[in-house]
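The report below goes through selected strands, helices and individual residues. The sequence and structure come before the text.

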Amino acid sequence: MRGIGPSRLGVFGPGHLGELTGWVPGALVDEVLAATGRVEKRVRLLPARVVVYFVLAMVLFMDCGYGGVWASLVAGLPRSGLSDPSSAALRHARRRLGAAPLAMLFDRLRGPVASAGTVGAFWRGLRVVAWDGTSLEVAGSAANVARFGLHGSGCSRPASYPQVRLTALVECGTRALIAVVFGPRDQQERVQAHALLSALERGMLLLADRGYDGFELIRDAAATGADLLWRMHTRRNLPVLHALADGSHLSVITDTRSMARLTAWLNRASRTVPPQVTGVAVRVISFSVTVTTASGERSTTDVRLITTLLDPDRYPATELAALYHERWEAETAYFGLKVTLRGADRVLRSHWDDGVDQEIYALLIVFQITRTAMTQAATAAGIDPDRLSFTIALRTARLRVITAAGALGAPVPQVPFADVLVLARNLGPRRRRSRISPRCVKRTLSPYAYNKVAGSVGGKKPVEITIAIAPS
């Protein structure tokens, strides 16, 4: 059997991932391979650079086996009668490569991608970001079970597959990945969030839900210089130190001991924070969200936010209350990562722990470069990146890989990748986005009517949403 030998490196050597190669150039791959010591010491049928692009293509064509991925990767290249490597050869090449080059490659590609001209990425000069956690199922091999373990999921027996806990810091306007950390599922999201603090910087506005309500995390996140807009549990004591005209009030978040001192001080009818209290000065915004469907059904939820943006004139409470909805862009990013790219309910294929890391980093890289391409296309067209379809972008990327569009020696496509993303979208009036999707089973596991609970099968419903600030 012959694979891609030295005589063929002129065609495949610079790397090939269709037009997405522009975001993962061969020079960058070679630099990463050299830095991680993965450059081959002898000429192989599958050079390390080729294996990197194969692993990335393995994510683009997740529903294909090794042979199918390889066939898609070389379909548009001149073959000259060369035979294809076997699945065993590709598997061994993956093991030789390891996860380190992919980890470093993602570290070079991650980060915010919105520029000053990107529509919808900034609010009052602040880059809006959010973090949240999710999980990925991996193959149930002995190595994966030993590393990630099997968890119980509210039932009497453990789950079928080990799961990886992943927490990401996402740029809300573009859904690009600024930083990511992952590990066994028993790692807490707050612990993983601490590992993301180094990615925060001044000029960012970080959104987070109630799962991150903890004094130490709030204190450390505020110390990075980034501003915060977090939802708080109703049980947290946030005393009114000074009521503001817009309905919000100034308060302080402290540890348990300092809060006891503060409470005792306030009970003496004083509104000055005692010097013994250490904490984070915040502004509290309480409001109610009322959702009304077309049929007249109405539901109201009370929400309480804290923010380090203390100036009510520069940062109005009503705008901050509406802005908090952008936190869901992190969930939308996870949907694109786990459903559109990976495939719904698909289990990662790697059976050894280093292979799981390699596959996850490849998944993150392909997601990131696709979001980068979409953002650059939207910025050039002067439109919001939200208006471009991630699904269309992936379909276009897969087609360009198969046809070798943008690869060395391949014909240049008539329509550039960026133009495809813009033209494929009917950019008429912005579609209605005020709708809800209830948290319920969309596809029941049982076909029998007596197993279906009323309201368990839901769908999206158009709604009217109103926000009312509750004065302190």
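## Strand β3

Gln163, Arg165, Thr167, Leu169 and Glu171 point one way from β3, Val164, Leu166, Ala168 and Val170 point the other way, and all are buried. Buried here means under 20% relative accessible area, exposed means over 50%, and partly exposed is in between, with a 1.4 Å probe and protein chains only. Strand β3 covers residues 163-171, and because 9 of its 9 residues are buried, the strand is largely enclosed by the rest of the structure. Helices (H or I, at least four residues) and strands (E, at least two) are DSSP runs, numbered from the N terminus.

## Basis of the model

This is a predicted model, in which local features need pLDDT of at least 70 and side-chain atom pairs count only at pLDDT 80 or more, while totals for chains, interfaces and linings use all residues. Residues are numbered from 1 along each chain as its sequence is written, and side-chain values use heavy atoms, with hydrogens and water left out.

The protein has 15 helices and 12 strands. Of its 472 residues, 50% are buried. Among contacts with a separation of 6 or more, 69% come from residues 24 or more positions apart; a contact means heavy atoms within 4.5 Å.

Strand β3 pairs with β2 in the antiparallel sense over 9 bridges, and Thr167 of β3 is the bridge partner of Gly133. Two strands pair if DSSP finds at least two bridges between them. Strand β3 also pairs with β4 (residues 176-184), in the antiparallel sense over 8 bridges. In that pairing, Ala179 of β4 is the bridge partner of Leu169.

The hairpin of β3 and β4 has 4 residues between the strands, and Arg175 there takes a positive phi near 65 degrees.

Arg175 sits in the loop between β3 and β4 and is buried, with a relative accessible area of 9%. Its side chain makes polar contacts with the side chains of Glu329, at 2.6 Å, and Asp386, at 3.2 Å. A polar contact is a pair of N or O atoms within 3.5 Å; within protein, one must be able to donate a hydrogen and the other to accept it, and residues adjacent in sequence count only if both atoms are side-chain atoms. Arg175 is also 5.5 Å from Ala333, C-alpha to C-alpha, although the two are 158 residues apart in sequence.

Arg127 belongs to strand β2 (residues 126-137). With 16% relative accessibility, Arg127 counts as buried. A polar atom of its side chain lies 3.1 Å from the backbone oxygen of Ala114. Leaving aside neighbours within four places in sequence, the residues in contact with Arg127 include Ala114, Phe122, Met204 and Glu171; Glu171 is one of the buried residues of β3.

Helix α13 (residues 353-381) has 29 residues, which at 1.5 Å a residue should span 42 Å, and its end C-alpha atoms are 42 Å apart, in agreement. The expected span is 1.5 Å times one less than the number of residues. Because 23 of the 29 residues of α13 are buried, the helix is largely enclosed by the rest of the structure.

The axes of α3 (residues 48-60) and α4 (residues 66-74) come within 10 Å and cross at roughly 110 degrees. This makes α3 roughly perpendicular to α4. Residues of α3 that meet α4 include Tyr53 and Phe54, and those of α4 include Tyr66 and Trp70. The axes of α3 and α13 come within 9 Å and cross at roughly 75 degrees, and the two helices are therefore roughly perpendicular to each other. At this crossing, Leu56 and Val59 are among the α3 residues, and Ala362 and Leu363 among the α13 residues, that meet. Axes are lines fitted to C-alpha atoms, for helices over the stretch in contact, and angles run from 0 to 180 degrees between N-to-C directions. Angles under 35 degrees count as roughly parallel, over 145 as roughly antiparallel, 65 to 115 as roughly perpendicular and the rest as oblique.

Ala75 is in the loop between α4 and α5 (87-97) and counts as partly exposed, at 47% relative accessibility. Ala75 and Ile402 are 327 residues apart in sequence, with their C-alpha atoms 5.5 Å apart in space.

Thr396 lies in helix α14 (residues 390-402) and is buried, with a relative accessible area of 9%. Its side chain reaches the backbone oxygen of Ile392 at 2.8 Å.
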